[in-house]
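Dear colleague,

Please find the structure below, together with its sequence. A summary of the findings follows it.

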Amino acid sequence: MSDDKPNSAKGRTSYDSNSTGSLIPFFNRNVSEYPTEAGGVNFDLVPVTKQKDIMINHARMYAKQEYDRIMELVAVLEKQANDIKRRLDITDAIHSAEYHFQTVMGQCYWLVWDTRKEKTLLVHLGPAAWSTGIPANYKYQMQVKYMGDHTWMEIID
C-alpha cells in the first residue's frame, strides 16, 4: 500500500477510498471476495440462481422431514383420540344397559342384546361359560372391562 493514500483507520491492509467519487473510510481489500482495484485478480460470478435452487431444495428437504415427523405425531394423537372416543361410546352403552349387580374395577363383563326383552344387558358370563349353552335370546356384542378411570374398554381376544 502506498503512503499517498489516506488511511484514517491506520490499518495495515485498509485505506480510505474515493473510487466512487465520495470518501469510503476504512476500505479493506482483504475482506472483499472481489477485486477492489483495476488490475486485480480475475473472478467468476457467483451462480446465484444455482445457489438459490440448492438452498430451496435443502429447505424443502428439511421442512419435509419435519412435516413428516409432525404428521407421525398427529397420527399417534389421532389414534389416541379415537381410542378415547371409543371408550366413551362403550361407557355410554354400558350405562344405558340393564344390570343388577355391583361392577368391580378391573373385572371383565359381557355386553349382550336380549332379543326377548329387546334391551342391552351387562352380564358376568361369557359365551363359553354357560354349562348348558348360551341362552337362545342372547346375542353377545362385546367383552368389556371396567377401568380405573370409570370408563369401559372393549377387550378383544
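**Surface patch and aromatic contacts**

On the surface, Tyr67, Ile70, Met71 and Val74 form a nonpolar patch whose members together have about 360 Å² of accessible area. Please note that the model is a predicted one. Within this patch, Met71 belongs to helix 1, which covers residues 48-96. Met71 has a relative accessibility of 37% and therefore counts as partly exposed, since that class lies between the limits of 20% for buried and 50% for exposed.

Turning to the aromatic residues, a search of the whole structure gives 7 aromatic pairs. One of them is formed by Trp110 and Tyr140, which are arranged edge-to-face, at 5.5 Å centre to centre and with 90 degrees between the planes. Trp110 is part of strand 3 (residues 108-114) and Tyr140 of strand 5 (residues 138-146), so this pair ties together parts that lie 30 residues apart in sequence. The two partners fall into separate accessibility classes: Trp110 counts as buried at 18% relative accessibility, whereas Tyr140, at 21%, counts as partly exposed.

Tyr140 also forms an aromatic pair with Tyr138. This pair is likewise edge-to-face, with 6.4 Å centre to centre and 75 degrees between the planes. Tyr138 counts as buried because its relative accessibility is 18%, and the limit for that class is under 20%.

Finally, there is an aromatic cluster to report: Tyr99, Phe101, Tyr109, Tyr146 and Trp152 form one such group.

With kind regards

Methods. Residues numbered from 1 in each chain as written. Predicted model: local features only at pLDDT ≥ 70, side-chain atom pairs only at ≥ 80, totals over all residues. Heavy atoms only, no water. Patch = residues over 30% accessible without salt bridge, like charges linked within 9 Å, V, L, I, M, F, W, Y side chains within 5 Å. Areas by Shrake-Rupley, 256 points an atom, 1.4 Å probe, with all protein chains shown as cover. Salt bridge = Lys/Arg side-chain N within 4 Å of Asp/Glu carboxyl O. Helix = DSSP H or I, 4+ residues; strand = E, 2+ residues; numbered from the N terminus. Buried < 20%, exposed > 50% of the residue type's maximum accessible area, 1.4 Å probe, protein only. Phe/Tyr/Trp six-rings, centres within 6.5 Å; stacked < 30°, edge-to-face > 60°.
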